[in-house]
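I opened this notebook to record what I looked up in one protein model. The entries go from the overall fold to single residues.

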Amino acid sequence: MCFSASASFAASALLTAAGTQTLRKVKKPSQLILASVPLLFALQQLAEGILWTVIGHKGYSVLESIATYAFVTMAKVVWPLMLPLAMLFLEKSAVRKKIMGFCLASGAAVSFYYLYSLIFFTPYAQIKTLHVAYHSDFPSPYWMEALVLYLLATIVPLFISTLKKAYILGIALIISFTISAVFFIHYLTSVWCFFAAVMSVVIYFMVRDNEA
């Protein structure tokens, strides 16, 4: 089994420990957003672990709906805003901050696009071939544009940042996205978030090794 409830719960536990240690390394308020990312990924993986256990079981429809909304909201609304904002707060170069501001604007656009879909269209999850697939009746006419803006917002800031080890997380995200898109395209949201969550432990070293 490639992914399962145990995998999601294990990732959540790992990220809770890593996230707690990361927050302890915070030296300045500007680091708080970035340092909180592993803990938020822990909550997201907990939500998917719950989904693994309740999907298809009668009497848990409310819990299933809450967990689905929690996971999808984190994946499509929170991350496109939070990641570029975290890097913007930590950047000292005026020129790079302007570029990151553009990335943040891109993230805000895609975040509100998906927020609209969550407000007016109900998401639901299914377990297929040992993976969780997230669906919605939202027609998503601009899905490709939204994906490009999403990648721009979440990955580009890591490569233009002056923070130590930021590019390492950027490379890891690109590799994991490529693997997810090529081999798990129908489960892209779930699989890429799982990879990204596990790799967010790199943030511990980013916070530890950077003063600002």
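The entries below begin with the model itself and end with individual residues.

**Entry 1: the model.** I noted that this is a predicted model, in which local features need pLDDT of at least 70 and side-chain atom pairs count only at pLDDT 80 or more, while totals for chains, interfaces and linings use all residues. Residues are numbered from 1 along each chain as its sequence is written, and side-chain values use heavy atoms, with hydrogens and water left out.

**Entry 2: the fold.** I found 9 helices and 2 strands in the protein; helices (H or I, at least four residues) and strands (E, at least two) are DSSP runs numbered from the N terminus. Read from the N terminus, the order of elements is α-α-α-α-α-β-β-α-α-α-α. The radius of gyration is 17 Å, close to the 17 Å that the globule rule gives for 212 residues, so the protein is as compact as a globular protein of that length. I recorded that this radius is taken over C-alpha atoms and that the rule is 2.2 Å times the number of residues to the power 0.38. Along the principal axes, the C-alpha atoms fill a box of roughly 55 × 40 × 30 Å.

Entry 3: Of the contacts (heavy atoms within 4.5 Å) between residues at least 6 apart in sequence, 72% join residues at least 24 apart.

**Entry 4: the cysteines.** How many disulfides does the structure hold? I found 0 disulfides, a disulfide being a pair of cysteine sulfur atoms within 2.5 Å. For Cys 103, the nearest cysteine sulfur is that of Cys 193, 19 Å away. Cys 103 is buried, with a relative accessible area of 1%, and Cys 193 counts as buried at 6%.

**Entry 5: Gln 44.** I located Gln 44 in helix α3, residues 37–54. Gln 44 counts as buried at 1% relative accessibility. Leaving out residues up to four places away in sequence, Gln 44 touches Phe 71, Met 74, Ala 75, Trp 79 and Cys 193.

**Entry 6: Ala 125.** I located Ala 125 in strand β1, residues 124–128, and Ala 125 counts as buried at 5% relative accessibility. Its C-alpha atom is separated by 9.6 Å from that of Glu 48, 77 residues apart along the chain. Beyond neighbours within four places in sequence, the contacts of Ala 125 include Leu 51, Ile 55, Glu 64 and Tyr 134.

Technical notes
Buried < 20%, exposed > 50% of the residue type's maximum accessible area, 1.4 Å probe, protein only.
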